[in-house]
Amino acid sequence: MSVQIIIEQFVNGITLGGMYALIALGYTLVYGILLMINFAHSELVMIGAYVGLGVLTLLTNQAFIEKTTAATPAMGWLVPAREFFVGTPLGIVTLFAIVFLTSMISVGLLGVLIERLAYRPLRHAPRLAPLISAVGVSIFLQNAVLLWVDSKQIPFPSVLGTSKAFTFMGVSVSTLKVVIVVTAIVLMVALDLYVGRTRMGKAMRATSQDREAAGLMGIDINLAIMLAFFIGPALGAVAGVFYGMYYGSIVFNMGFLPGMKAFTAAVIGGIGNLRGAMLGGFVLGIVESLAAGFLSTGYKDVIAFMILILVLIFRPGGLLGESVVEKV
Amino acid sequence: MGGGKMDVSTKVSSGRMTPTKIALYVLLGLVLVISPIIFEGMGMLFMTRIMALVGLYVMLALGLNIVVGFAGLLDLGYIAFYAIGAYSGVIIGTVSLKYFPAALQPYSYFMMIPIAAAFAALAGLALGTPVLRLRGDYLAIVTLGFGEIVRIIINNNALGITNGAAGLPRAGEFLPKPAGLEWLQNHAYFTLPDIGNNGFNFAFSSNLYWYYIIVILCLITIFVVQRLNDSRLGRSWVAMREDEVAASSMGVSIHGAKLWAFALGAVWGGIAGVTFANFQQFVSPESFTFMESVFVVCSVVIGGMGSIPGAIVGALLIQGTPEFIRGFAASGIIPGLSGEQVSAISNYRNLVFGLVMVLMMIWRPQGILPSKRRAAELNADEDILEEENETLYDVQHDTGRFGDSADQ
């Protein structure tokens, strides 16, 4: 294996790691506050990708816009809008902002809705009950998309094309990879600041430490829990859209593997620990990409499961599990 | 629990046999034995096949019920034991065929049963040992990972013995007919030409053979699982499920109880697996996906965790309903049901199951046919209190009726 390939795999690993970390934050936020594994999180990631694709299609798909404007002339604004979004640099940035915000907000709200309907009634039930309920939600969402959207793989347009950002030691890095990593890091820093510095962040930390005591101190626990269920899925939605762009297609059960891997990442970092999830995401992404270079690709997906089992057995607290007290 | 209930009534499940109960069991037995003969005679051969398949799912649900229901360990990778049973049985079976005399071939399946069970139990221990210290939700994830690892390894043709996605047996190899099938096919047939339009033509089919084998295996499973539930081990599972710390301070070996649960649960998965492989004459990794595990978990949860009749009813509902609908549609007995509609039904099945799992947890966490003890555990405290008061009353006035007032 030449140095070049190792660097290439490393770059891929960081990109994957950024996405895993974003998804892992969703698991860790919910676990930190409710001590439950939100099994449906991977489905929210998938739905985020579908919402993103929907908005992208509406705003940029030539064939779709022609058909729509022919059917309803009131939608005529789509034609100049498309030219703006695709043609100009400012347009692409706006397009990204619109796509991601729509996806984040809709999936975030879906997360809050799921919490309200499927998890809140079970808050005082034995721990197995919310977990089984979450498995149920996951199956429901997956099949809802399968039935009401499509069961086949849908191609995801590569908005950025194959443009190269820069070349590093003979390895050219695509703009998309840079965008993924930068966005992921920006969102993570923002979340870290929000949870660490703001009043509401403090409320979330208090709720995760001791729900009842926090309630007695006048903190709106339900609001804190709802926030966790909004922020987590919203970040997952970003990862979902990136996942679609990165792999070029999406399918109704696409959430399962990245979801499992992101959960592994959250466990590696110490579940319930925000910075741990970020670190775990990047560690897992890099390890997996490098290992895929050594092993046959058929076993690529086993690596994450193996790491998960080994970490749970030998260091169930995770890498940062015990050293950092702060957890949300 | 109030009074002396726990001391006196150690036998949890069975009640006394009343004449009505006996009559009911006899009737059920007759239906189980005769209905497939009627279906076969009327030319509805697919019904026997489906009934046999559903029987396998009942076995799986009963096996998983040991792990999830009795011991309270959520296993999301149970189908791995089914796969291990099927593959170990088929692989060792086909290899041993080459070394054993031909006269032993018909007994190959029966000899594979203990082997498949042993392999599954070993796999259960292999999964159970490293996860002994894990809590419920971590455990669920690890078992899920275990299930996926097993499937991926089989799919990748590990060590060159599983034949990858193409499945087993390979071209040119075969699974021999089990003992007695050939004789029955040649001797057991009759015709009653006056019944129905085409007459009643019964001929013993291999489906029917496997159906009876599976019914017998189910009965054995029910018997053993029931005895397990009433045993010392069964009580230690309940104690562990309700409070691990309290149980271990009362002298229950938590590690032992967990390992036994994994191993004894896996055994039934393994036996069902090798039976499935011989019945289908074929195994491939696509029969062992995560969704299959979820369906078995659904059966147990919806039927009622820890309840044996619950597991049976759950398996019948979850696995049986769609199979029967599909079978009827494929046979054209229900007119106007197209293939597309059938696949839509099977897709909506999953959607509905997801919903049912959530609603069940909210409104009836104890399941359709709950075990009393489990229901008390899952419900609010006042329910338990009420039950305790009732029991106390019973204790003081009629000490002979514990068996009836207890489980089921």
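Ground rules. I number residues from 1 along each chain as written and letter chains from A in the order written. The model is predicted, and local features need pLDDT of at least 70, side-chain atom pairs count only at pLDDT 80 or more, totals for chains, interfaces and linings use all residues, and side-chain values use heavy atoms without hydrogens or water.

Entry, the contact. I looked up which residues have heavy atoms within 4.5 Å across the two chains: 41 residues come from chain A and 39 residues from chain B. About 3600 Å² is buried between chain A and chain B, 81% of it on carbon and sulfur atoms; buried area is the accessible area (1.4 Å probe) lost on putting two parts together, summed over both.

I then took the side of chain A that touches chain B. Elements giving two or more residues to this side are α5 (89–119), α6 (128–148), α11 and α13 (300–314) of chain A; helices are DSSP runs of H or I with at least four residues, numbered from the N terminus. The largest share, 15 residues, is from α6(A).

Entry, salt bridges. I found 0 salt bridges between chain A and chain B, a salt bridge being a side-chain nitrogen of Lys or Arg within 4 Å of a carboxyl oxygen of Asp or Glu.

Entry, the largest cavity. A cavity is a set of points on a 1 Å grid over the protein atoms alone where a 1.4 Å probe fits but cannot get out, with lining residues having an atom within 4 Å of a point. The largest cavity holds about 80 Å³ of space. Its lining includes A:Y27, A:F39 and B:I141, and helix α11 (residues 256–269) of chain A gives the most, 4 residues.

Conventions
On a 1 Å grid over the protein atoms alone, a cavity is a set of points where a 1.4 Å probe fits but cannot get out, and a pocket is an open set with protein on both sides within 12 Å along at least five of seven lines; lining residues have an atom within 4 Å of a point. Grid points are joined across faces, edges and corners, and a volume is the space filled by probe spheres set on the points.
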